[in-house]
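Colleague: I am new to this one. Please walk me through it, and tell me what each term rests on.

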Amino acid sequence: MKEVGTDKNGRPRLEPTGEEVVIECDDVLMAIGQDNAFPWIEPNIGLEFDEWHMPKIDSTTMMSTKPGVFFGGDAAWGPENIIWAVAHGHQAAISIDHFVHGKQLTERPAPGVNLISQKMGIHEWSYKNDYTALQRVAMPHADKAQALRNLKVEVELGYDDQLAFKEAERCLNCDVETVFSAPLCIECDACMDICPVDCINFTQNDEETALREQLRVPARNKTQDLYVSDALKTGRIMAKDEDMCLHCGLCAERCPTGAWDMQKFMYVEAQAAQACLTHHNAYLR
């Protein structure tokens with residue numbers, strides 16, 4: 001090989017000279033790397049390649065110069081590692097979903113959000129939805145006289161298993177969201193009837209300030225958006241105050257047509273540290 005200059009990153013560019021070199025050896029260890037090869041891609045379909053014969057890829061969307069064709073991992077940027085390949089797969093999946101739904105590929109969801117929902121319909125509940133207005137469980141404290149006599153006494157004793165379980169039952173299902181489909185709604189008002197906090201409303205649409213006041217429980221927290229549906233068959237709309245919603249799922253359980261659904265979203269970006277820990281634990285076992 002001979003050096004024929006440098007690339008844009010300052011690395012030497014090498015080209016074969018055609019000269020054959022013979023080295024006498026007793027043993028040879030074969031360590032042959034693998035390169036991408038795309039001879040099967042027709043040159044006139046709109047896919048562009050760089051000087052290294054790699055497809056030109058958008059590093060954010062993973063899309064090539066041909067709309068609808070995506071690359072990731074070694075096929076996009078050459079040898080990296082499996083963690084990067086998995087991360088590219090996540091990003092390409094987001095782009096593909098946006099592409100087939102006609103959305104902007106550059107509008108990326110933030111970490112913590114996924115495009116795949118866990119549908120929770122009738123008889124499929126994966127969490128407890130029996131809402132009870134429980135008060136906060138008081139933290140058990142040490143005897144006051146003992147605590148005053150000895151400054152080293154820990155005042156807050158912590159919950160035992162029973163108190164901890166009771167306190168945990170107060171938690172809302174913040175990662176499970178209500179999803180409403182207007183075409184499926186028959187306006188039976190069953191969801192409005194069963195809602196324990198009266199956050200669901202079927203009413204005439206209006207400008208936001210007036211709409212907030214005409215809800216069953218006026219929505220006066222203007223920092224929280226209202227969930228407003230398209231027009232229903234009667235001309236009314238469904239308006240829900242997200243500030244009041246408990247995510248209990250009773251509306252979806254009660255709905256006879258499946259217009260209400262509870263969907264859980266999860267998006268975990270590939271993390272090298274976690275992958276290494278997983279492999280380490282597997283090795284120890």
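Modeller: Start with a pair: I200 stands opposite K240 in β7. This is a predicted model, where local features need pLDDT of at least 70, side-chain atom pairs count only at pLDDT 80 or more, and totals for chains, interfaces and linings use all residues. Residues are numbered from 1 along each chain as its sequence is written, and side-chain values use heavy atoms, with hydrogens and water left out.

Colleague: What makes β5 and β7 a pair?

Modeller: Two strands (E runs in DSSP of at least two residues) pair if DSSP finds at least two bridges between them. β5 and β7 (residues 237-241) have 4 bridges, in the antiparallel sense. So they pair under that rule.

Colleague: Why is one side of β5 left without a neighbour in the sheet?

Modeller: The sheet is open, with 3 strands in the order β5-β7-β6. β5 and β6 (226-228) stand at the edges with a single partner strand each, so one side of each lacks a neighbour there.

Colleague: Which residues have the most contacts inside the largest nonpolar core, and why is it called a core?

Modeller: They are F180, I200, F202 and W260, in a core of 21 residues. The name applies because its members are buried Ala, Val, Leu, Ile, Met, Phe, Trp, Tyr or Cys residues joined through side-chain atoms within 4.5 Å. Buried means under 20% relative accessible area (1.4 Å probe, protein chains only). β4 (176-180) and β5 (200-203) are among the elements that each supply at least two residues of this core.

Colleague: What does F202 contact?

Modeller: Leaving aside neighbours within four places in sequence, its contacts (heavy atoms within 4.5 Å) include F180, C185, L232 and M238.

Definitions and conventions
Buried means under 20% relative accessible area, exposed over 50%, partly exposed in between (1.4 Å probe, protein chains only).
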